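The sequence and structure come next.

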Amino acid sequence: MTADTVHLREIASTQGITVRRMDFDFPDSIPEFWCDNNAFLTAMMAGLSVTFPVGERYFIDSVRHYQDEVADPALRAQIRAFIGQEANHSREHVALNEFLTRKGYPVASMEAFVRERLKTVQAQSTPAENLARTVALEHFTAIMAKGFIDHPDFLTRMHPTMARIWAWHSIEEVEHKSVAFDVYRACVNDEKLRRKMMREVTFFFVLMSSVRTVRILKSCGQLSNIRAWLRGLNVLWGMPGVFRQILPAYFAYYRKGFHPSQQADSDYTETVKRHFLQMIS
Ligand SMILES: [Fe+2]
Ligand SMILES: [Fe+2]
């Protein structure tokens with residue numbers, strides 16, 4: 001098997017949600033600044049990866065709590081596919097996070113913080129609040145994923161292995177973007193709580209993503225690398241503006257009658273599948 005081969009096995013597929021078993025290797029030969037050769041962007045993406053194993057287990061728990069209340073067999077099948085996808089994401093990001101640890105990033109302490117924080121939040125929340133929080137975070141991940149897919153150049157400028165894991169994860173986040181939402185609609189359907197949780201999630205997500213980025217930059221001696229900050233912030237918020245361009249999709253969440261399916265899929269979805277995952281669908 002060559003280094004360029006993608007270890008991809010499709011396990012199950014239902015209504016456009018395909019569970020793909022991946023098996024990524026993250027050798028030490030991958031450079032330290034694997035995203036755009038830029039310390040800021042690498043730190044930001046690494047910080048995201050640190051949250052995934054714990055965060056995605058929380059998403060699974062929140063949705064699984066309502067699984068038996070869902071009568072629609074189509075939605076029940078989607079829930080199983082959603083759980084399959086998120087479980088695989090957790091597994092592969094554990095491997096990525098082990099690579100980040102070997103590079104000297106403070107992964108263990110950041111992950112422990114997320115784990116303890118989410119454990120407390122989960123215990124102090126009602127099942128409806130946990131699901132509303134999950135739905136908000138799923139919208140966040142889906143629109144960020146679409147942002148990455150909309151900018152294949154952003155993925156191309158990563159190390160090829162890193163590009164593949166982010167391409168794969170992004171494709172699947174978009175595929176299952178409606179599942180938690182539909183469970184919420186079927187079992188909770190509280191619009192006020194849905195919006196309230198998005199405000200809470202936005203505050204903590206932005207705050208903690210920033211803290212993690214700074215901590216990682218500090219750990220690798222790049223905190224005062226102004227050029228890296230300027231270049232990274234420009235990619236995200238200036239030109240091309242990977243995050244700037246998802247703002248309308250973010251604000252759409254607060255609209256009455258919002259549904260994730262109202263967000264069009266990226267024009268580049270098939271290109272990204274072919275180019276990064278060598279998938280033909
Ligand atoms: Fe995921
Ligand atoms: Fe997800």
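Predicted model: local features only at pLDDT ≥ 70, side-chain atom pairs only at ≥ 80, totals over all residues.

H6 covers residues 160-175. From its first C-alpha to its last it reaches 22 Å, close to the 22 Å expected at 1.5 Å a residue.

The largest nonpolar core has 41 residues, and those with the most contacts inside it are Leu155, Trp166 and Ala167. Leaving aside residues up to four places away in sequence, leucine 155 touches Phe148, Ala163, Trp166, Ala167, Val272 and Phe276. A second, separate core has 22 residues, including Ile79, Ile83, Ala136 and Val179.

## Helix H8

Helix H8 runs over residues 191-219, 29 residues in total. Its end-to-end reach, first C-alpha to last, is 41 Å, close to the 42 Å expected at 1.5 Å a residue.

The buried residues of H8 are Arg194, Met197, Met198, Arg212, Thr213, Ile216 and Leu217. Their cover includes helix H1 (39-64), helix H3 (107-124), helix H4 (127-150) and helix H7 (179-187). Just after H8, glycine 221 takes a positive phi of about 70°.

## The hairpin

Strand S1 (residues 8-14) pairs with strand S2 (residues 17-22) in the antiparallel sense, over six bridges. Threonine 14 has isoleucine 17, in S2, as its bridge partner. Two residues lie between the strands of this hairpin, where glutamine 15 takes a positive phi near 45°.

Leucine 75 sits in helix H2 (residues 73-102). Is this residue buried, exposed or partly exposed? With 18 other C-beta atoms within 10 Å, leucine 75 is partly exposed, because a residue counts as buried at 20 or more and as exposed at 12 or fewer. Not counting residues up to four places away in sequence, leucine 75 touches Val70, Asp182, Val183 and Ala186. Leucine 75 and glutamine 222 are 147 residues apart in sequence, and their C-alpha atoms are 46 Å apart in space.

Leucine 247 belongs to helix H10 (residues 247-252). It is partly exposed, with 13 other C-beta atoms within 10 Å. Leucine 247 and isoleucine 143 are 104 residues apart along the chain, and 8.8 Å separates their C-alpha atoms.

## The chain as a whole

The secondary structure of the chain comes to 11 helices and two strands. Read along the sequence, the pattern is β-β-α-α-α-α-α-α-α-α-α-α-α.

How does the overall size fit, and what is the radius of gyration of the chain? A compact globule of 281 residues would have a radius of gyration near 19 Å; the chain has 18 Å, so the value agrees with that of such a globule. The C-alpha trace spans about 50 × 40 × 35 Å along its principal axes. Of the 281 residues, 40% are buried. Among contacts between residues at least 6 apart in sequence, 81% join residues at least 24 apart.

Definitions and conventions: Residues numbered from 1 in each chain as written. Chains lettered and ligands numbered in written order. Helix = DSSP H or I, 4+ residues; strand = E, 2+ residues; numbered from the N terminus. Expected span 1.5 Å × (residues − 1). Core = buried A, V, L, I, M, F, W, Y, C linked by C-beta atoms within 7 Å. Contact = placed C-beta atoms within 7 Å. Pairing = 2+ DSSP bridges. Rg over C-alpha atoms; globule rule 2.2 N^0.38 Å.
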